[in-house]
Amino acid sequence: MKMADNLSLKESVLFYLDRSGGLQKLTEDCKQFSDPQHNEAVYRFCISVNPSDVIEVDPVLGDCVLHDPLRATALFQSVCFLAVKTLSLVEKIHTESQVNVILKLTHLPPFPEYMLDLCSFPREYGPMRPVSMEGLVIAMTRVTKYTQGARFLCINDDCPSSTGFHHIRVHAPGATESATVRNDFSCMNCNSQLKEDVKFRVLGDELCNSMRIGRLYRVLGIPVHVHQWPNITWSVEANSVRLWEPEYPHKVSVSFQELLKATASSPWRFPAIVAHYFGLDMAPPGFYNTLKLCLLLSLVQTRADAKDTFHYLDLLVVTTDTLILDRLMAYSLGLACRGVRHQASGEMFASLSRDEHGAGTANIHAGSALLATGGICMLGDLGFYKKDRLDSIQSVLEGRTMSMFIPGKKYGEDADQQLSFPIQCSFWALTDPSQRSGRADCDVLGIAEMGPVPIQLADAFGLVIQCRDMMGEQTLLAQTVHTLQQAVQPGKPLYPSCWGFSSQDYQELLAHAQSLQVELSPGAEKIIHGYYMASRRVRTQSQGVKMSVASIKLLISLAEAHCKLCLRTRVLEEDAVIAVLLCENSVTLKHGASALVIPPDAVFPCDLRDVEGLHRRDTTLDELHQNILRFIYTYAPGAETYITEE
């Protein structure tokens with residue numbers, strides 16, 4: 001009865017392979033083995049299997065694929081061997097054991113029993129069946145090859161197994177290297193010792209190179225117990241690995257939709273009000289509006305696009321009020337798709353340890369920056385960092401990669417190795433100007449004291465924001481009242497207004513804005529390039545400061561982010577104006593004022609508590625728009641030919 005069942009299942013396998021295109025792929029894969037120089041003990045064939053389609057063909061076979069993968073693999077192996085021999089695809093394949101079939105599952109049924117839960121999954125012995133898990137890669141070993149298959153020959157010359165391919169061993173899920181290759185195997189015919197024919201060994205490392213530390217993946221694999229006396233290791237052998245992106249709600253709350261309609265007459269008002277009422281748990285409305293806007297822009301712009309190009313927006317905040325602003329930045333960090341707060345004493349990039357459970361090689365552990373891949377890494381107050389750490393931060397900000405040296409002798413390898421990892425996150429940091437100076441005394445107009453931060457590091461951050469104490473005791477009193485009211489009446493709205501936005505509203509708004517695809521309008525592009533050309537000429541001549549190409553990227557990034565925060569898909573001149581004002585303020589703080597003289601709080605020049613304040617801001621920004629155009633006309637040759645003054 002069992003033979004009849006197997007025959008029926010093999011017929012179903014053949015039907016599925018024919019229907020799914022698997023036979024055609026098998027034929028194509030065999031062509032690479034036709035080379036006379038290509039001589040191996042086993043020939044590996046990866047077969048894509050859709051469990052849902054298999055169940056439609058034969059429910060029993062589908063159940064076998066999902067709950068007894070070793071038996072299913074044997075069925076596919078037998079059918080593939082018959083196909084290879086019948087069609088004479090590979091003459092060098094003599095026995096079924098030379099056909100090493102790997103079933104690559106496309107997915108698993110979306111039911112809880114197929115999801116791996118480390119808190120409840122049984123640790124006892126049970127059937128080895130595939131499960132799905134999703135998560136973040138926090139550590140990796142060096143890529144080490146393993147033996148996929150090996151040929152063994154009997155040392156007894158009179159035994160038939162002293163030649164041919166009678167004894168083939170292939171890697172099984174969860175097996176260690178010693179289970180596939182060692183020197184104590186015995187011949188099944190004469191019980192003599194077997195010896196490996198080393199020239200036929202087949203090595204592999206196919207899945208390791210498909211994963212990167214700090215990224216999210218969905219992994220299908222088989223949980224197994226690995227015996228390494230006196231311990232038993234419980235592990236999962238991956239069957240297929242795919243990048244995984246969690247689904248975030250891409251909607252805009254009713255409150256923000258109503259605000260968008262109410263501010264439709266101005267291209268500047270919506271993001272201004274969004275910033276004005278942001279982080280009210282940390283500070284009263286109207287405080288630190290420029291910083292709040294920049295935090296929102298960084299959250300919107302930090303992303304990877306369809307071409308896997310990463311976009312980032314780093315922020316360095318200059319302030320004496322590090323406590324409140326640290327809290328504001330920490331609150332904002334919670335709205336990022338992934339936010340990691342780094343401790344100055346912790347590991348920022350990566351660290352090494354010995355892999356005790358695998359091949360004894362090096363384990364590479366992700367530091368804060370790698371864990372923040374795709375999101376924000378908050379560094380906090382740079383005054384707590386030593387000089388060598390500040391130098392490392394500067395190097396990573398400039399190159400967006402970090403290197404790690406792995407000494408071979410220490411980790412069981414013949415040669416040393418140098419690995420590089422891309423750093424794909426935005427960095428937020430604080431610096432207190434009241435701490436020791438990071439630069440020589442300078443009297444240039446506009447330059448801000450950066451505390452312990454050298455000017456080269458400040459330049460590497462791109463956008464520098466100064467949060468100054470404008471009102472002295474009045475500011476301190478307002479913040480004190482705000483904090484006391486929160487302590488005495490937690491949860492009660494402190495500032496009743498017609499606009500009330502929750503943290504969830506902001507999170508949904510940012511997720512939606514981040515997903516928008518935007519394009520530069522000709523007007524925005526001309527302002528950005530015109531400002532860059534004019535500023536490069538003026539600052540190089542008067543201050544010896546060379547505006548790098550990174551300035552263009554920063555301007556475009558800021559303009560695009562402002563456009564997205566406005567929930568538009570076309571970057572307007574007004575978005576470019578905000579980008580220019582933020583960038584010019586940043587460069588002024590680092591290198592001093594230029595011929596384009598703008599106020600320190602150019603983006604938020606007045607209070608926004610009422611409609612009149614919003615109107616005054618619009619009027620001021622219109623005037624600054626014209627000042628920027630005049631600056632471009634004066635210092636960028638030919639600017640008048642591509643910019644039309646309104």
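1. Let's start with Y635: its relative accessible area is 30%, so Y635 is partly exposed (buried means under 20%, exposed over 50%, and partly exposed in between, using a 1.4 Å probe and protein chains only). F631, at 4% relative accessibility, counts as buried.

2. Before going on, note that this is a predicted model, where local features need pLDDT of at least 70, side-chain atom pairs count only at pLDDT 80 or more, and totals for chains, interfaces and linings use all residues. Residues are numbered from 1 along each chain as its sequence is written, and side-chain values use heavy atoms, leaving out hydrogens and water.

3. Back to F631 and Y635, which make a tilted aromatic pair, 5.4 Å centre to centre with 50° between the planes. (Rings of Phe, Tyr and Trp, the last by its six-membered ring, pair if their centres lie within 6.5 Å; planes under 30 degrees apart are stacked, over 60 edge-to-face, and the rest tilted.) F631 and Y635 are four residues apart in helix α19, so about one helical turn separates them. (Helices are DSSP runs of H or I with at least four residues, numbered from the N terminus.)

4. How many aromatic pairs turn up in the whole structure? The search finds 15. One of them is F310 with Y312, a stacked pair at 6.5 Å centre to centre and 20° between the planes. Here F310 counts as buried at 14% relative accessibility, while Y312 counts as partly exposed at 33%.

5. Which residues form one aromatic cluster? They're F256, F270, Y277, F278, Y331, F501 and Y506.

Note on methods
Helix = DSSP H or I, 4+ residues; strand = E, 2+ residues; numbered from the N terminus.
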